[in-house]
Amino acid sequence: MEKTGSESNVVVVGVLSDTHGSLPMAACAALADCDVIVHAGDICGSDILTELRLLAPVHAVLGNNDFPEYGSGVQRFAQFELAGLRFLVAHYPQDIRSALRGNGPIHPGDPLPHVCIHGHTHVPEILTGKDARPANLIVCPGSVSRPRGGSKPSIAKMEVENGRILSVRIEEI
């Protein structure tokens, strides 16, 4: 169904990472209203991506515990545009920082991402301002199955529209 001029163009993006072969029902419930889902690696089972794709289209990257069994669409980095914003996804936080310095999938002269997403740490984090530069936002959703650092199982959610990040939050599940 197409949206009319009076309807919102807000896109809800659900972000998860480090499922390690386990996708709790609470994670599925939390992601059920998402228009797009991003998995930032350590998937550890193709059935995880199959389940997520029943909810919404999925962008995913390989983690240190993943192998190329997910097909050519799942690589070390993912780049895509959504609601007028450029996204960069990698499993390791250092891969995001390295890519922002021109190493990896971003080459000199390429437009920089607005939103960067990573996993690996299992600790949820949202960075903005000078901590995220040159991106506008860096998000780690934590882990749905193996949280660390005193955190609870979690995902991240953001709402984006027409080149703007309207909201971003960590949700405990």
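**Figure 1. Helix H3 and its cover in the predicted model.** The cover over the buried residues of H3 includes strand S4 (77–82), strand S5 (85–90), S6 and strand S8 (137–140). Contact here means heavy atoms within 4.5 Å. Helices (H or I, at least four residues) and strands (E, at least two) are DSSP runs, numbered from the N terminus. Asp 95, Ile 96, Ser 98, Ala 99 and Leu 100 of H3 are buried. Buried stands for under 20% relative accessible area, exposed for over 50%, and partly exposed for values in between (1.4 Å probe, protein chains only). This is a predicted model, in which local features need pLDDT of at least 70, side-chain atom pairs count only at pLDDT 80 or more, and totals for chains, interfaces and linings use all residues. Residues are numbered from 1 along each chain as its sequence is written, and side-chain values use heavy atoms, with hydrogens and water left out.

Figure 2. Arg 101 sits in the loop between helix H3 (93–100) and strand S6 (115–117). Arg 101 counts as exposed because its relative accessibility is 60%. Gly 142 lies 41 residues from Arg 101 in sequence, and their C-alpha atoms are 24 Å apart in space. Gly 102, which follows H3, has a positive phi near 100°.

**Figure 3. The five-stranded open sheet.** The strand order is S3-S2-S1-S9-S10, with mixed pairing. Two strands pair if DSSP finds at least two bridges between them. Strand S3 (58–60) and strand S10 (164–172) are the edges, each pairing on one side only. From one strand to the next, the twist averages 20°. Helix H2 (residues 46–53) lies across S1, strand S2 (36–39) and S3, and runs at about 150° to S3. Axes are lines fitted to C-alpha atoms, for helices over the stretch in contact; angles run from 0 to 180 degrees between N-to-C directions.

**Figure 4. Strand S9 and its two partners.** Strand S1 (residues 11–16) and strand S9 (residues 154–161) run antiparallel, joined by five bridges. Val 12 has Glu 159 in S9 as its bridge partner. S9 also pairs with S10, in the antiparallel sense, over eight bridges. There, Ser 154 has Glu 172 in S10 as its bridge partner. The hairpin of S9 and S10 has two residues between the strands, and Asn 162 in this hairpin takes a positive phi near 45°.

**Figure 5. Cysteines without a disulfide.** The whole structure contains zero disulfides. A disulfide is counted when two cysteine sulfur atoms are within 2.5 Å. Which cysteine sulfur is closest to that of Cys 34? The sulfur of Cys 28 is, but at 11 Å it is too far for a bond. Cys 34 counts as buried, at 5% relative accessibility. For Cys 140, the closest cysteine sulfur is in Cys 116, at 13 Å, again too far for a bond. Cys 140 counts as buried, at 0% relative accessibility.

**Figure 6. The whole chain, for orientation.** The secondary structure comes to three helices and 10 strands. Along the sequence, the pattern is β-α-β-α-β-β-β-α-β-β-β-β-β. The C-alpha trace spans about 40 × 35 × 35 Å along its principal axes. Of the 173 residues, 46% count as buried. UniProt lists residues 13–162 as "domain: Calcineurin-like phosphoesterase" in an unreviewed entry. UniProt positions are given in the numbering used here, feature names are shortened, and annotations may be inferred rather than shown by experiment. Over residues 13–162 the chain is 15% helix and 28% strand, with the end C-alpha atoms 14 Å apart.
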